[in-house]
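Hello,

Here is the structure I promised to pass on. Please open it next to this email, and my notes on it follow below.

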Amino acid sequence: MSPIVTQKLMLFFPRCECEKPIIYHLVKDHNLIVNVYRAKVTPEEEGYLVLDVTGTEEDIAGAMDFVRTFNVSINTTGRGVIRDDKRCTHCGACLALCPTGALHIASAATREVAYSEAKCIECLKCIKVCPFGACASAF
Amino acid sequence: MNSRQNGTSAAIPLTLEQKPMKTYEQINDRIASGKAVVLTADEIMDYVDKKGLTAAAEEVDVVTTATFGPMCSSGCFLNFGHSKPKIRMSEAWVQDVLVYTGIAAVDVYLGATQLRHGDPANMYHPGEFRYGGGHVIEDLVAGKPLQLFALSYGTDEYPLRELRTWFTIHDLNQAIMVNPRNCYQNYNVAINDSDKTIYTYMGTLEPNRKNAAYCSAGQLSPLLNDPSYETIGIGTRVWLAGAQGQIYAEGTQHAGAEARTPEGIPMGGAGTLALTADMKHMNPEFVRGVSLRGYGVSLALGVGIPIPILNADILKRTCIRDRDILAPVVDYSRDYPQKTGRVIAYVSYEQLRSGEIEIEGKKIAVGSLSSYHKALKIANLLADEIRRGDFLLSPPLACLPKDTAMKPLVIREEPK
């Protein structure tokens, strides 16, 4: 049996597919463990869902095929929270408030602040505390 | 100094380290001929450790220092030139941000912390303060078109009573940054002793000392590399956001007499600088509007100041390291607003930069408002300008005071 992996996904619903219980099917039919970070799914509007799925690679691939049948686009690099490198001054105001270390010092010598998207749990604190407006939400 | 007290100057015995090695003129000659040896305040310690103090002092001409962070007491004078017909502006707004018009007809002062007209401020606490004076200054330096709206009561020679137009920095006769207080020598570390989140100019502070915030470039900061103001004084040429400017006065709240370590390093705010430079020569990367949730708007600026290595003593002071600089940890929920004067502890910048400090047995995550990354970039840009012969040093015209303390504002009854 192939190893269990966790993948962070951002799903974009062009028009609402929210009457369909997609998450239920991910769990029930595709054996995935689902951890939803953030969702904005409103009837008649575009929707977003950022989540971790944990399961075998085969199960995840099968689940993605299933999700695509709903005209939902899948972004496997997450990107629910975006950092604009040009606006970031590397001051570090975000560092003590980022709960997972997604925003961290990349080099002790240059004190450059880096962003590891995979570690981000989308708490959105950085958006509120960045003095330079460098962090933003995709939705 | 003893010599001051007995009124003679000839009696000062110079230590070997204070013995003059170079003059400003000699250093400037070497800069002009492209031969100056320039290091940053981030590099100099290891260099001196390797070469030895005296040899390094002979060799090194200039050490560059820098800082980048929010500096609220900043702003600029703008001159618009005259419209046809003319107006004597009595009220004016740039991008809906109020500017001061209590000066000549088409001169205004735009301050960094001015809010945009209609900003709800903290009416729904904490306010977001997305755009204000600091952001207008950023956009101005970036060359963006800005809207001017001005009103006047009308006079015989200035009859126009209302004006709306768009301009860029290139349309202005002058755009001169004039900052009453920049480059604090040292600064508080802010924490929150209360049980609810507070929103301050040091950022968002979570309850029960969950996080701390500091704001200094530490070992790279200008006045920490010249703690007794031996070379940095009024008239010193500085690098202000890429433009060549000057220190025009001591900064407001300058308090040279602040408590110091035995090595002479201030353990609190202490010195400040009033800076000016032509905004038309500034680099927008180092002029950045700041939004502080629940507090307001401000302006982050990059400043670089060269220190001439006139003798070994001056060089020794530039070798300061983060571990030698202490900052006071202050509670911003009660002690700071109520001006109790309580300092909870002192921590070094080395501890602060580790990302965690320990106060009274509790580990506290640390963030910063000052960008060491940008400061390092500025120190290197300035070093390059000096090496290329494009930036000459100027000796101070007057010294910054070392003996002044900060006075409080006393709330009094009306004098009889």
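In strand S3 of chain A, A:Leu49 is the bridge partner of A:Leu11. The model is a predicted one, in which local features need pLDDT of at least 70 and side-chain atom pairs count only at pLDDT 80 or more, while totals for chains, interfaces and linings use all residues. Residues are numbered from 1 along each chain as its sequence is written, and chains are lettered from A and ligands numbered from 1 in the order in which they are written.

Back to that bridge and its surroundings. Strand S1 (residues 4–13) and strand S3 (residues 47–56) of chain A are antiparallel partners over 10 bridges; two strands count as paired if DSSP finds at least two bridges between them. Both belong to an open sheet of 4 strands in chain A, ordered S2-S3-S1-S4 with antiparallel pairing. Strand S2 (33–40) and strand S4 (73–75) of chain A are at the edges with a single partner strand each, so one side of each has no neighbour in the sheet. From one strand to the next the twist averages 25°.

Helix H2 (residues 57–68) of chain A lies across S1, S3 and S4 of chain A, and runs at about 150° to S3(A). For such angles, axes are lines fitted to C-alpha atoms (for helices over the stretch in contact), and the values run from 0 to 180 degrees between N-to-C directions. In the loop between H2 and S4 of chain A sits A:Asn71. Its phi is near 65°, a positive value in a residue other than glycine. A:Asn71 is exposed, because 11 other C-beta atoms lie within 10 Å.

B:Ala270 is in the loop between strand S15 (243–250) and strand S16 (273–278) of chain B, and is buried, with 25 other C-beta atoms within 10 Å.

Two cis peptide bonds in chain B are worth a look on screen. One runs from B:Lys84 to B:Pro85, with omega near 0°, and B:Pro85 is in the loop between strand S3 (75–79) and strand S4 (91–94) of chain B. Another runs from B:His125 to B:Pro126, with omega near -5°; B:Pro126 lies in the loop between strand S6 (107–111) and helix H5 (133–141) of chain B.

Now for the domains, whose bounds come from an automatic or database domain assignment. Chain A is given domain 1 (4–75) and domain 2 (81–137), with C-alpha centres 26 Å apart. Chain B is given domain 1 (30–72 + 178–387) and domain 2 (78–172), and the C-alpha centres of these two lie 31 Å apart. In chain B, 18 residues of domain 1 are in contact with 20 residues of domain 2, where contact means that the C-beta atoms of two residues, placed from the backbone, lie within 7 Å. On the domain 1 side, S17(B) gives the largest share, 6 residues.

How many residues does each chain bring to the contact between A and B? Chain A brings 17 residues and chain B brings 25 residues. By class, the chain A side has 9 nonpolar, 5 polar and 3 charged residues. Here Ala, Val, Leu, Ile, Met, Phe, Trp, Tyr, Cys and Pro are nonpolar, Asp, Glu, Lys and Arg are charged, and the others, Gly among them, are polar.

Last, the confidence scores. The model has ipTM 0.93 and pTM 0.94.

Best wishes

Terms used:
Helix = DSSP H or I, 4+ residues; strand = E, 2+ residues; numbered from the N terminus. Buried ≥ 20, exposed ≤ 12 C-beta atoms within 10 Å, placed from the backbone.
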